[in-house]
Amino acid sequence: MENDYKSLIAKIDKTKMPTHIAIIMDGNGRWANKHGLKRINGHKAGVKVVREIVETAREAGLKYLTVYAFSTENWGRSKIEVNYLLKLILDSLINEIDDLVENGVNIRFIGTEEHLPPGYDVKVEENCRRSWHNSELYLNVAMNYGGRRELVEAIQSIANKTKQGILQPEEITEQVISDHLYTAGMPDPDLVIRTSGEIRLSNYLIWQSTYSEFWFTDTLWPEFTRAEFIQSILDYQERKRRFGKR
Ligand code: IPE
Ligand code: IPE
Ligand code: MG
């Protein structure tokens, strides 16, 4: 298995490497169910896979990786599951931060502060901050993230500037909007991966994924492998990206 993915990495055409890959890590609950476990055990198993994929992304020379950890719609789940996820995500950050820092990863959380428990954001930032001098791999964790919420916050911020006279309405361009998103300054995702057989965006990076390539697999997230991740890059390299041109 180990060599399996390394030999696939060797097949990557470095001149056609995607710059930014975004992943919708889906299927933890179904995986747990399949193994007679509780949903929360599925999430726990999922964290191990995140670790492996981050490592593999680095080995493959990827620059930006964005993973969907918790959506603004996920508050609709049971209190037990929501609380478990909030704790698991923060604990995982705290457990992994030393290794991430050492391995050149620059990590940040993107999402809204709305509904998060008091102090959550501060703890996230305290930990992430330690990695901000790194530049090998930029890792975004989409946490309490919703694409529409992101646009609302961007529009509010732009409207405030317009009200204060800092920005004229006719000066609002696509670039200005991009610059007010959580992903300001980052390239749009070239490739969006979704596991578990669902073929939808679920409010993920709706502005940024306008021209992304999509790659879907039936594999449930806890069973997603390094090899499959690299395969998605190899498949991406076969795509002809036209951006509306002929
Ligand atoms: C993805 O797995 C993780 C999160 C949404 C937090 P799910 O929990 O959605 O798993 P399924 O889709 O129910 O199998
Ligand atoms: C999307 O998965 C959100 C994350 C992976 C964090 P969901 O499982 O919440 O999406 P839906 O409900 O199937 O669209
Ligand atoms: Mg799901």
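**Two ligands in one predicted model**

The shell around ligand 1 divides into 3 nonpolar, 5 polar and 4 charged residues. Ala, Val, Leu, Ile, Met, Phe, Trp, Tyr, Cys and Pro count as nonpolar, Asp, Glu, Lys and Arg as charged, and the others, Gly among them, as polar. This is a predicted model, in which local features need pLDDT of at least 70, side-chain atom pairs count only at pLDDT 80 or more, and totals for chains, interfaces and linings use all residues. Residues are numbered from 1 along each chain as its sequence is written, chains are lettered from A and ligands numbered from 1 in the order in which they are written, and side-chain values use heavy atoms, with hydrogens and water left out.

The residues surrounding ligand 1 include Met25, Asp26, Gly27, Arg39, His43 and Arg77; a residue counts if one of its heavy atoms lies within 4 Å. One of its oxygen atoms is 2.7 Å from an N or O atom in the Arg77 side chain. For the side chain of Arg39, the distance is 2.9 Å. A polar backbone atom of Gly27 is 3.4 Å from a ligand 1 oxygen. Taken alone, ligand 1 exposes 370 Å², and the protein buries 86% of that. These areas come from the Shrake-Rupley method with a 1.4 Å probe.

Helix H2 (28-34) and helix H3 (39-60) are the elements giving two or more residues to this shell. H2 supplies the largest share, 3 residues. Helices (H or I, at least four residues) and strands (E, at least two) are DSSP runs, numbered from the N terminus.

H2 also holds Arg30, whose partner Glu198 lies in the loop between strand S5 (191-194) and strand S6 (213-216), so the pair ties together parts that are 168 residues apart in sequence. Arg30 and Glu198 form a salt bridge, with the closest N and O atoms 3.0 Å apart. The structure holds 21 salt bridges (a side-chain nitrogen of Lys or Arg within 4 Å of a carboxyl oxygen of Asp or Glu).

Now to ligand 2. Among the residues around it are Asp26, Asn74, Arg77, Arg194 and Ser202. By class, its shell has 5 nonpolar, 2 polar and 4 charged residues. Strand S2 (residues 64-71) gives the most, with 3 residues. A polar side-chain atom of Ser202 lies 2.6 Å from a ligand 2 oxygen. For Asn74, the distance is 2.9 Å. An N or O atom in the Asp26 side chain is 3.2 Å from an oxygen of ligand 2. Taken alone, ligand 2 exposes 390 Å², of which the protein buries 77%.

Technical notes. Polar contact = N/O pair within 3.5 Å; in protein donor to acceptor, adjacent residues only side chain to side chain.
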